[in-house]
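This briefing reviews a protein–DNA assembly by topic. Please inspect the sequence and the structure shown below before reading the points that follow.

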Protein chains: 2
Amino acid sequence: MTSIDPLATDASGALRPTKQRLAVAEALRTYDGFHSAQEIHSRLDGAVGLATVYRTLTALAEAGAVDAMRSEDGETIYRRCSDTHHHHLVCRQCGRTVEVEGPAVERWTKTMAEDNGFTDVSHTLEIFGTCTDCR
Amino acid sequence: MTSIDPLATDASGALRPTKQRLAVAEALRTYDGFHSAQEIHSRLDGAVGLATVYRTLTALAEAGAVDAMRSEDGETIYRRCSDTHHHHLVCRQCGRTVEVEGPAVERWTKTMAEDNGFTDVSHTLEIFGTCTDCR
DNA sequence: GTAAGTGCAAACGGTTTGCAGCCTC
DNA sequence: GAGGCTGCAAACCGTTTGCACTTAC
């Protein structure tokens with residue numbers, strides 16, 4: 001469903017492998033985890049216009065090549081896909097984040113949705129708390 | 001840890017129970033689930049200035065009286081704390097919402113958080129899909 | 001050659017803030 | 001009466017878009 005190579009969308013999307021797109025894809029490949037468009041733009045040190053970074057990331061997200069989510073402070077952050085699906089456990093004080101997985105939750109949401117006649121199910125789950133350091 | 005009444009913050013915060021704050025608190029009490037500041041502002045039909053709604057919601061969130069999270073499209077959304085806790089199953093097309101409960105999920109999030117040393121745990125879970133009518 | 005991609009700058013939409021007046025304590 | 005609270009409008013900040021130019025195919 002989602003390709004490993006963000007640019008291997010030849011079939012339908014037909015994204016041209018331009019310098020800029022390659023640079024963005026490379027950045028996503030190199031820097032692990034979630035990053036904002038602005039962050040990527042500045043890591044590329046102006047080599048790619050900010051608007052282009054946004055357009056590229058949006059396109060990649062639509063093509064399913066990257067995951068997008070919102071950070072706590074309102075930025076859209078992206079990471080290259082094909083990690084296992086997981087959720088975030090976030091400290092309210094310091095913002096420290098732990099990734100957690102839960103097959104049971106995945107199953108539950110799916111069942112719950114289908115019992116109600118819903119299809120194409122997706123979900124978001126965030127857990128908030130106070131971590132040991134901040135107690 | 002979190003008070004039932006959003007304005008019962010007498011001890012430290014000392015929020016004055018003004019007309020506007022009461023209106024916002026009442027709105028949160030009346031309308032279940034998550035709502036954006038703009039939504040609350042328009043539900044109050046201009047009775048409370050937009051800036052004040054933002055300020056009030058921010059204050060309530062800081063006081064721990066309401067939960068805040070980011071919606072998919074970048075708005076900050078709030079809900080009053082301590083409802084009979086349930087989650088929402090939302091149709092992507094028509095917006096129809098079904099409330100679902102899941103003791104197993106509640107337990108799982110709690111365990112997961114505590115295993116990682118987190119306390120004062122809360123969580124948000126939203127399920128998205130396409131409902132029967134919209135297929 | 002042509003359509004897709006790019007950069008720039010202006011537009012946008014949600015949120016925050018400065019300031020003068022108002023209201024609660 | 002004093003300091004918190006409010007409304008308005010302007011400022012902010014991340015993101016999107018219009019447009020003329022460039023580039024991959």
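Predicted model: local features only at pLDDT ≥ 70, side-chain atom pairs only at ≥ 80, totals over all residues.

By class, the residues forming the surface near DNA strand D comprise 8 nonpolar, 6 polar and 6 charged.

- Of the atoms of DNA strand D that come within 4 Å of the protein, 70% are accounted for by sugar and phosphate.
- The greatest contribution to the surface near DNA strand D, 4 residues, is made by H3(A).
- A phosphate oxygen of DNA strand D is found 2.6 Å from a backbone N or O atom of A:Thr76.
- In chain B, a backbone N or O atom of B:Ala47 is placed 3.5 Å from a phosphate oxygen of DNA strand D.
- A base is also approached: an N or O atom in the side chain of A:Arg55 is 3.4 Å from a base oxygen of DNA strand D.

**Surroundings of DNA strand C**

- DNA strand C is surrounded by 20 residues, of which A:Thr18, A:Arg21, A:Thr52, B:Tyr54 and B:Thr76 are the closest.
- Sugar or phosphate supplies 70% of the atoms of DNA strand C within 4 Å of the protein, and bases supply the rest.
- Helix H1 (19-30) and H3 of chain A, along with H3 of chain B, each provide at least two residues of the surface near DNA strand C.
- The surface near DNA strand C is made up of 8 nonpolar, 6 polar and 6 charged residues.
- The side chain of B:Tyr54 has a polar atom 2.2 Å from a phosphate oxygen of DNA strand C.
- From chain A, an N or O atom in the side chain of A:Thr18 is 2.5 Å from a phosphate oxygen of DNA strand C.
- The side chain of A:Arg55 has an N or O atom 2.9 Å from a base nitrogen of DNA strand C; an N or O atom in the side chain of A:Arg55 is also 3.4 Å from a base oxygen of DNA strand D.

**Interface of chain A and chain B**

- Chain A places 37 residues in contact with 37 residues of chain B.
- About 3,000 Å² is buried between chain A and chain B, with carbon and sulfur atoms giving 63% of that area.
- A:Trp108, A:Phe118 and A:Thr124 together supply 21% of the area that chain A buries against chain B, more than any other three residues.
- On the side of chain A that touches chain B, at least two residues come from each of strand E4 (87-91), strand E5 (97-100), helix H4 (103-115) and strand E6 (119-130) of chain A.
- E6(A) supplies the largest share of the side of chain A that touches chain B, namely 12 residues.
- The side of chain A that touches chain B consists of 15 nonpolar, 13 polar and 9 charged residues.

**Strand pairing between the chains**

- E6(A) pairs with strand E6 (residues 119-130) of chain B in the antiparallel sense, over 9 bridges.
- Within this pairing, A:His123 is opposite B:Ile127 in E6(B), and A:Thr130 has B:Thr119 in E6(B) as its bridge partner.

**Strand pairing within chain A**

- E4(A) and E6(A) run parallel and are joined by 4 bridges; A:Leu89 stands opposite A:Ile127 in E6(A).
- Chain A also contains an open sheet of 3 strands in the order E1-E3-E2, with antiparallel pairing.
- Strand E1 (35-36) and strand E2 (66-70) of chain A each have a single partner strand and stand at the edges, so one side of each is left without a neighbour in the sheet.
- Over 2 bridges, E1(A) pairs in the antiparallel sense with strand E3 (residues 76-80) of chain A, where A:Tyr78 in E3(A) is the bridge partner of A:His35.

Methods: Residues numbered from 1 in each chain as written. Chains lettered and ligands numbered in written order. Heavy atoms only, no water. Contact = heavy atoms within 4.5 Å. Buried area = accessible area lost by both parts, 1.4 Å probe. Nonpolar A, V, L, I, M, F, W, Y, C, P; charged D, E, K, R; others polar. Pairing = 2+ DSSP bridges. Near = heavy atom within 4 Å. Polar contact = N/O pair within 3.5 Å; in protein donor to acceptor, adjacent residues only side chain to side chain.
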